[in-house]
Every structure is written in C-alpha cells, then in structure tokens.
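Dear colleague,

Please find below the structure that I promised to pass on to you. My notes on what was found in it follow directly after.

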There are 2 protein chains.
Amino acid sequence: MASEQIENYLKNIYKLSANESKVTTSSLSEKLQISPASVSEMIKKLAEEGTLTHTPYKGVELTEEGKKLALQIIRKHRLWEMFLVEVLHFRWDEIDHEAERFEHIMSDKMEEKIDHVLGHPLIDPHGDPIPTKDGEIYCSMSYPLNEAQEGANVKVLRVSDANSELLQYVSSIGISLNKIIGVKQKMNFDSSMVISIDNKDVNISSMITKNIFVENV
Amino acid sequence: MASEQIENYLKNIYKLSANESKVTTSSLSEKLQISPASVSEMIKKLAEEGTLTHTPYKGVELTEEGKKLALQIIRKHRLWEMFLVEVLHFRWDEIDHEAERFEHIMSDKMEEKIDHVLGHPLIDPHGDPIPTKDGEIYCSMSYPLNEAQEGANVKVLRVSDANSELLQYVSSIGISLNKIIGVKQKMNFDSSMVISIDNKDVNISSMITKNIFVENV
DNA sequence: ATATACATTTAGGTTAACCTAAAAATTAAT
DNA sequence: ATTAATTTTTAGGTTAACCTAAATGTATAT
C-alpha cells in the first residue's frame, strides 16, 4: 500500500505533532533530513492521497486514515524493539536504529507472532507505549525529571529514545525503567540536578533530566 | 553497499547456477520475473562492477566477489528462515516468502545474534545448508527420492523450498526432515511412487519425489 | 507600513529501477 | 549455407524518490 518513504513521513509527522504545536514543512525537513523542497512535494502528494491536510505556514495535520497508518508503523516499530531486547538481547541504545528498517517490511502475520511471543506488551524498552492493533494508545502520567521536587523520590517510567548516546550514558550510571531515583539537589545556575541511584550520587545535566520521565512514589 | 535489487540478482544467479549448466539473460529474466531487456541492462552493470562475467548466449558467471556477496545473502536468508521456525513458530511453507524481504535489511550484528540464539545451525528448516560467515557451505550426500531403489529405506535430508504448496502438502502426509521413508513400489507409467510413512502407504507423484532429497539408512 | 528574514513552492534536473517495441546477433534446422 | 527461431541488446520512455537554485509568499520588527 503506502511506500516505505510515505510510512516514514507519516510516522514522523505523528511523532512531531506529539511534541510540537505545529508540524511545518521545515520542521519535517529538519527531522527527516530531506530538503524542504522535497518535503513540500511529498506533503502535496500526501494531501492529495488523503492522509493529511496542509495549511501553508500553519502546518500539517494527519487525517484519521493518516493517523491510523502512522500508529500501525509505530506499533510495528516498538514491538520489534521489544523483541530485539527480549529475544535477541540487544541493548536499548541499539534498537531504534535496527527497528527503523524492519518496521516497514514486517508482515501483519509476523507482528501477531511477535506480539504473542512477547505476551502482548504495553510498552517498549524505552517506556514508550505500544499502540494496540486498532490504534489505541496507553498514556502514562509521567512528567520530566527536571520538574521533580527537591527531596522527592521518583520512579523512571520512560526515557526518550531520540539519542542513542544519551541512552547509553543513562544506563551506564544505573538508570533503567522502574528504577527509583532520589532527587537530592537542584542547581539553579545550570538547571542540573544531583540524584541518588543505588545510594550513589550523580550530577546530571538538564539535557538529561528533560529526557527522563518519572512518576512520584 | 549493493542495493537490494543487486543482492537479488546475485542470489538468484548463484542458485540457478547450482541447478542449470548455464545462467542466461533469459533464464534469469524468467526466474526474477523481470523483462529480458531490464535483466540485460543489469547484467551489463554488474559486469562493470566486477561481480560477474558475461558471455552473450553462453551465460553469466559470478566472480569470487559476486559469489561471496551471494553467499552472504543466502546465509542471512536461511538463518532468518530458521529463526522464523524455531522462535516464531512459522510453518516451513511460510518462511521463504518472509525471509525474502528480511535478508536484505538484516545487519551483520543481527545475523550474529540470531546465529548465536539458534546455536550456529548448519541447515535451514528445509535442509538447505547455511553458508558460514566466510562463505563455506556444508554439502550433504543426498539424492532425489525418485532415484531410490524399490524396497529401500531412506531418510529425508532436504525438501526443495521452491514451491510453498508442495511443502504444505508434503508435511500434510507426514514428511518432515529426518523422517524415515520406505520405498514400496515404483510405477513405471508415470514415475510415481508408493512410499510408507509411519506405517501408512501413500502414492506421490514424480514431481514430488524429485523435490525430496534422501540418503540410505 | 514596509523591509527584512524566513518559509514554502516551483522549475528543472538526477538516479536506479523498471517497461515496450524494435533492432541486431546467434544458434539450430533444413 | 541459408533461413527461421530464439536470444540479447538498444532506444526511448516511465516512476518515485531525491536534489539545487530561483521565485514567491508570509510574518515580524521597527
């Protein structure tokens, strides 16, 4: 049906719109690393095909159909990531890159088999929700660590998978899903934070705390 | 490096040359279901790139480099097939089709992981040998069932994966790898054969017997 | 309100596949 | 040794992506 490239556009539009208020030609161009001119063309095509609507300078919005397609790809991506960790013992910083290619060629049958072998997981190895087959998505009540109160104890529910080096570093200091973290001190001058993990204190930058999502315990 | 299409050409040239004495533009065209004109163009390109040599009307031959690439793809294909059966519980008639796409996007790292999880298998679920990383290929001493002597007891070592309906039928009558078969009777008029499996007698056509490879027991 | 900066689109071009139709080359058969 | 049949190649065209450079359109800041 939809080409691999189209699937990529739809997926990334969906993901961008979760963070930013509007998804423009240029923000997509930036994210996909494709020239604005090419993105502009593709947006035109997708609008004609009915998977999104576009108002120039205001941004694009996925139609119901577009959203459905995007969620299907995201489901395959995250199931595959889970599989890579659970069955093939990849590290969580390696999997996004691998799944990037597999999401497009995974048949529905394989999706089912993997879902079954994994026991119908609800989240992927980074804590991102895995959409159900009919596009429903479980939404946890987490907030970014940088907003946590000094003195609070929090539990890690999700770590952004946007940067694989960050994932690697974060696990090297002992952070993983469901880990309990104590917020020792918040530094005003650079917004960094001293946290305790396994009774050791570490100072982590605000770039890191913004990408770790937690809940109170 | 090599595009997905190029990988397909190389793989199929390798496989054709195992069966037929010469691999011509037209036999490749037939096998790949691509027009002779396009195949001709591609052969020219591959010859320039140094993965094969071509003598018009005589056929193509893979160079060492081409052979190496072909064996790498075949290794990935067969490892993946094995994985689909062992881990995801696919049937042996479903896997060739699935592996067809995956062989091209499987990273070397994933190849290693899968090889490890499977315990370094030497054959795939149809009994085809899995080339080693450096292109060595284990060769069993099997012969086609249609050549077996009347009265002989033979062991199934390989079933051709060329036709998925054949694979389905063959397993429905109880044939699987390592099964012992008794050759009851050979019919001269149509070259069919009565064999006994699990103490039941079945008549199978020569099309089938030619695709089952056995050794004496 | 206008200029400047920024965002977007258009125009024209590339590439790797593929295709059909026609031409050319080879093999095979009388 | 021709001719017929077959195989292969060439010529010219398509498509879905992509690109750069240039043109157009919108927003913002004075």
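In chain A of this predicted model, residues 24 or more positions apart account for 56% of the contacts that have a separation of 6 or more. When you look at the burial of chain A, you will find that 35% of its 217 residues are buried. The secondary structure of chain A is made up of eight helices and eight strands.

As for overall dimensions, the C-alpha atoms of chain A fill a box of roughly 55 × 45 × 25 Å when the box is taken along the principal axes. A compact globule with 217 residues would have a radius of gyration near 17 Å, and the 19 Å of chain A agrees with that.

Turning to chain B, you can follow an open sheet of six strands, which run in the order E3-E8-E4-E5-E6-E7 and pair in the antiparallel sense. At the edges of this sheet stand strand E3 (143-144) and strand E7 (200-204) of chain B, and each has a single partner strand, so one side of each is left without a neighbour in the sheet. For E3(B), the pairing with strand E8 (residues 212-216) of chain B is antiparallel and extends over two bridges, and within E8(B) it is B:Phe213 that stands opposite B:Pro144. As background, strands of a sheet pair through backbone hydrogen bonds, either parallel or antiparallel.

The two chains also touch each other, in a contact that takes 12 residues from chain A and 12 residues from chain B. On the side of chain B that touches chain A, the elements that give two or more residues are helix H5 (95-105) and helix H6 (108-117) of chain B. Sorted by class, the residues on that side of chain B are seven nonpolar, two polar and three charged.

Finally, there is the DNA. Which residues are closest to DNA strand D? Of the 20 residues that surround DNA strand D, the closest are A:Ser3, A:Ala37, B:Thr24, B:Ser26 and B:Ala37. Helix H1 (4-19) and helix H3 (36-49) of chain A, along with helix H2 (25-32) and helix H3 (36-49) of chain B, each supply at least two residues of the surface near DNA strand D. The largest share of that surface, five residues, comes from H3(B). By class, the surface near DNA strand D has 11 nonpolar, eight polar and one charged residues.

With best wishes

Note on methods: Residues numbered from 1 in each chain as written. Chains lettered and ligands numbered in written order. Predicted model: local features only at pLDDT ≥ 70, side-chain atom pairs only at ≥ 80, totals over all residues. Contact = placed C-beta atoms within 7 Å. Helix = DSSP H or I, 4+ residues; strand = E, 2+ residues; numbered from the N terminus. Nonpolar A, V, L, I, M, F, W, Y, C, P; charged D, E, K, R; others polar. Rg over C-alpha atoms; globule rule 2.2 N^0.38 Å. Buried ≥ 20, exposed ≤ 12 C-beta atoms within 10 Å, placed from the backbone. Pairing = 2+ DSSP bridges. Near = placed C-beta within 6 Å.
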